[in-house]
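Please read the following explanation alongside the sequence and the model, moving from one region to the next as the text does.

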Amino acid sequence: GSQKANKKILQGKHVLITAGPTHESIDPVRVFTNHSTGKMGYALAEEAVEMGGEVTLISGPVQLKTPRGAARIDVTTAEEMYDAVMEHFDKADVVVKTAAVADYTPVETSDQKVKKQPGNLIIEMKRTKDILAELGKQKTNQFLVGFAAESEHVEDYGRMKLENKNLDMVVANNITSDNAGFGHDTNIVSLISKHEDQIKRLPLLSKREVASEILKTAVRCMGGER
Ligand code: CTP
Ligand code: CA
């Protein structure tokens with residue numbers, strides 16, 4: 001397939017990828033998370049290895065095999081992901097933030113199981129740090145790719161994330177499309193690039209093919225060979 005035709009366009013490049021959801025614990029049995037399965041990020045890691053990249057994969061809790069040739073670092077919470085990403089950011093040439101990071105985490109995590117009570121339960125949540133926005137502030141030469149998971153106004157919101165977080169590219173996807181997004185092996189995305197005026201609207205593709213398109217576009221925008 002298309003992988004065979006790809007040259008080693010990421011040879012000598014460090015590629016930092018985050019994947020999967022995060023888990024924010026309420027107590028020893030309960031957790032806040034989301035529907036991310038990690039498939040898109042793992043496909044990116046596989047493809048980046050295939051293209052000759054030095055791949056670091058920072059992964060939330062997922063049920064997937066480590067891509068051959070990638071260095072995987074497991075994290076659980078948004079805070080742990082933040083720390084791991086910051087540790088590896090300096091040497092990265094390309095960063096792809098596929099992970100579905102929790103926006104909120106419980107103000108308190110109970111050491112003991114919380115017992116049920118009569119009436120409603122209110123759990124107070126605080127904001128997590130936006131890892132990608134922080135990378136946008138700190139970036140020097142890194143090519144920064146974010147994802148925008150949206151259910152409406154996909155390209156408008158995607159463009160806003162591109163600008164607000166100082167990114168080089170946004171991969172915008174409508175999580176409500178058929179056969180696309182969470183848990184599927186296929187995806188429908190639009191690539192919105194700071195360096196190219198045109199939005200690249202890709203058809204329904206396997207996540208591996210989407211990964212290939214993302215990385216090829218990134219390399220092209222970085223001024224490398226096609
Ligand atoms: N992201 C991050 N850290 C967070 C939240 C999000 O690094 N605490 C990253 C995601 O990995 C993704 C991008 O930001 O690459 C966009 O995530 P998304 O949830 O679509 O957007 P948010 O900026 O969190 O805004 P909202 O959820 O309100 O749409
Ligand atoms: Ca979010």
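Helices (H or I, at least four residues) and strands (E, at least two) are taken here as DSSP runs, numbered from the N terminus. This is a predicted model, in which local features need pLDDT of at least 70 and side-chain atom pairs count only at pLDDT 80 or more, while totals for chains, interfaces and linings use all residues. Residues are numbered from 1 along each chain as its sequence is written, and chains are lettered from A and ligands numbered from 1 in the order in which they are written.

A residue is called buried if 20 or more other C-beta atoms lie within 10 Å of its own, exposed if 12 or fewer, and partly exposed in between, with C-beta atoms placed from the backbone. Val-85 counts as buried because it has 24 C-beta neighbours inside 10 Å. Two residues are in contact if their C-beta atoms, placed from the backbone, lie within 7 Å; when residues up to four places away in sequence are not counted, Val-85 touches Thr-18, Ile-58 and Ile-131.

An unreviewed UniProt entry places the feature "binding site" at Asp-103, Lys-113, Phe-147, Lys-161 and Lys-165. These positions are spread over 63 residues of sequence and are also spread in space, up to 37.9 Å between C-alpha atoms. UniProt positions are given in the numbering used here, feature names are shortened, and annotations may be inferred rather than shown by experiment.

Lys-113 is found in the loop between strand S7 (104-106) and strand S8 (125-127), and it counts as exposed because it has 11 C-beta neighbours inside 10 Å. Leaving aside neighbours within four places in sequence, Lys-113 is in contact with Asp-27, Pro-28 and Val-29. Lys-165, in the loop between helix H5 (154-164) and strand S10 (169-174), counts as buried with 20 C-beta neighbours inside 10 Å. Not counting residues up to four places away in sequence, Lys-165 touches Leu-132, Ala-133, Gly-136 and Gly-146.

In helix H5 itself, the buried residues are Val-154, Gly-158 and Leu-162. They cover an arc of only 70 degrees around the axis, which puts them on the same side of H5, the arc being that of the directions from the helix axis to the C-beta atoms. These buried residues pack against S9, S10 and strand S12 (189-193), whereas the face of H5 turned away from its buried side carries the exposed residues Asp-156 and Glu-163. Just after H5, Asn-166 takes a positive phi of about 60 degrees.

Helix H2 (residues 39-50) is largely enclosed by the rest of the structure, because 11 of its 12 residues are buried.
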